[in-house]
Amino acid sequence: MSTDPQSLRQTIPPGSLVAILGGGQLGRMTAISARTMGYRVRVMDPEPHCPASFVADEVIVGRWDDVDAARRLAAGADAVTLEIEQIGVDALCEVAGLAPLRPGVEPIRIIQDKTLQKTWLAENGFPVGPFHVVSSEAELHQAVRALGGSVFLKIGRGGYDGRGQARIGLDGPTRSQSVAEAWKAIGAQPAVAEQALDLAFEISVMAARNPSGEVRTYPAARNHHESQILAWSQLPAGISSEIETRAGALAADLIAKLGIEGLLCAELFVTRAGELFVNELAPRPHNSYHQSERGSVTSQFEQLIRAVCNFPLGDTSLVAPAAIANLLGDLWLNGEPNFAAALAVPGVRLHLYEKHSPRAGRKMGHLSAVGSSAEEALERVLDAKRRL
Ligand SMILES: Nc1ncnc2c1ncn2[C@@H]1O[C@H](COP(=O)(O)OP(=O)(O)O)[C@@H](O)[C@H]1O
Ligand SMILES: [Mg+2]
């Protein structure tokens with residue numbers, strides 16, 4: 001990791017053009033923060049009416065590996081960032097040749113493939129649970145035996161919200177599969193086989209770093225998943241100060257070691273035995289920090305713009321305990337949800353992403369709330385969600 005002496009001095013002033021690879025909800029909320037600070041915004045997305053299109057100046061329509069679209073996105077932009085890590089490396093290199101790409105190509109290349117990411121974490125001494133990289137059914141058989149029989153199998157590229165995953169030797173809400181079925185289910189492709197850990201709970205830590213090398217971390221958020229999709233998250237996490245300190249140090253080390261200019265969210269597992277493991281990394285804003293818009297002095301989206309434009313990073317301390325609950329498309333299956341009932345709950349705000357086709361499992365929006373404690377904020381969003 002080196003710090004470019006030029007970038008130490010240069011900020012990218014308001015009025016400049018910030019471009020974002022990806023125009024989903026994270027791109028939308030980043031664009032809103034950029035606009036608040038006076039930037040112009042261009043996004044690239046396969047979908048012309050993507051969530052960010054309603055707040056951006058311009059949408060470049062293109063797939064994640066479309067080098068020509070990436071060139072048009074970056075041409076004339078003062079900085080380029082991203083909201084999704086599944087961008088083709090050729091497209092990333094094209095962008096990086098035309099404008100500062102923050103974060104850079106190399107951290108995205110490592111993170112976008114779970115096999116490379118897990119290997120990088122282990123090789124660099126970061127704590128990860130037992131895992132094997134597998135590229136055939138025979139290797140998977142071997143790995144499952146070595147890992148003790150209960151395994152999460154995750155495709156290297158393109159998985160999210162539990163998609164591209166299979167579970168072997170486990171009981172629970174998701175049906176457990178045999179090795180052969182699991183290998184077939186993930187499309188017989190390079191994957192990570194992970195030992196199923198005995199989780200006490202899941203947390204995440206957001207870190208930010210600007211080109212001048214300044215690093216800041218947020219307090220940890222506590223996350224609850226249902227069917228491998230984030231259901232709710234609260235800030236602060238309500239964990240021991242010992243775990244909080246370890247988790248914060250881990251996130252700060254990770255962002256510096258990866259040389260990221262922008263954001264890095266580390267999803268962490270805390271096991272019943274008290275171990276702390278890195279589950280996975282995201283070099284961008286993250287669903288588990290949406291409550292930073294309500295509870296933190298500086299939201300994750302403002303922090304990304306500050307980092308990308310090389311401004312001093314914002315204060316990450318809490319103003320109020322806060323929580324979010326995700327709204328999946330399932331809520332729309334029987335008609336429009338009862339928003340009035342939800343908004344009658346004190347402290348609750350509605351966030352919708354203007355996605356026009358609700359599908360089961362699709363993130364359509366979220367509810368956020370502040371409260372006098374994280375428990376109260378969480379109870380408020382869960383109550384509001386039940387009323388929908
Ligand atoms: N090794 C594991 N042990 C126990 N639970 C796991 C393991 N891996 C994943 N999970 C559960 O599945 C969720 C989704 O897995 P993750 O690797 O974060 O994939 P995604 O890319 O879909 O977010 C995790 O947040 C956790 O609840
Ligand atoms: Mg995850």
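Me: In which loop is Gln228 found?
Reply: The model is predicted, so to speak of local features requires pLDDT of at least 70, side-chain atom pairs count only at pLDDT 80 or more, while totals for chains, interfaces and linings use all residues, and side-chain values use heavy atoms, with hydrogens and water left out. Residues are numbered from 1 along each chain as its sequence is written, chains are lettered from A and ligands numbered from 1 in the order in which they are written. Helices (H or I, at least four residues) and strands (E, at least two) are DSSP runs, numbered from the N terminus. On that basis, Gln228 belongs to the loop between strand 11 (221–226) and strand 12.

Me: What phi does Gln228 have, and is Gln228 buried or partly exposed?
Reply: Most residues other than glycine have a negative phi. Gln228 is not a glycine, yet its phi is positive, at about 65 degrees. Buried means under 20% relative accessible area, exposed over 50%, and partly exposed in between (1.4 Å probe, protein chains only). Because its relative accessible area is 22%, Gln228 is partly exposed.

Me: Where does Asn310 lie, and is Asn310 buried or exposed?
Reply: Asn310 lies in the loop between helix 11 (300–308) and strand 15 (322–328). Although not a glycine, Asn310 has a positive phi of about 60 degrees. With a relative accessibility of 5%, Asn310 counts as buried.

Me: Which residue does a cis peptide bond join to Leu235?
Reply: Most peptide bonds are trans. Here the bond is cis, with omega of about 0 degrees.

Me: Which residues coordinate the magnesium ion (ligand 2)?
Reply: Donors are N, O and S atoms within 2.8 Å of the metal (3.2 Å for Na, K and Ca); water is not among the atoms, so sites may look incomplete. The coordinating OE atoms are at 2.0 to 2.3 Å. One residue is in strand 13 (residues 262–271) and the other in strand 14 (residues 276–282), 13 residues apart. They are Glu267 and Glu280.

Me: Why does Glu267 count as buried?
Reply: Glu280 has 22% relative accessibility and therefore counts as partly exposed. Glu267 counts as buried because its relative accessibility is 15%.

Me: How many bridges pair strand 13 and strand 14?
Reply: Two strands pair if DSSP finds at least two bridges between them. In this hairpin, four residues stand between the strands, and Gly274 takes a positive phi near 90 degrees. Phe269 stands opposite Phe277 in strand 14. The pairing is antiparallel, and its bridges number six.

Me: Which residues come nearest to ligand 1?
Reply: A residue is near a molecule or strand if one of its heavy atoms lies within 4 Å of it. Around ligand 1 there are 20 residues. The nearest are Lys114, Lys154, Gly162, Glu202 and Glu280.

Me: What distance separates an oxygen atom of ligand 1 from a polar side-chain atom of Glu280?
Reply: A polar contact is a pair of N or O atoms within 3.5 Å; within protein, one must be able to donate a hydrogen and the other to accept it, and residues adjacent in sequence count only if both atoms are side-chain atoms. An N or O atom in the side chain of Glu202 is 2.4 Å from an oxygen atom of ligand 1. For Glu267 the distance is 3.1 Å. For Glu280 it is 2.8 Å.
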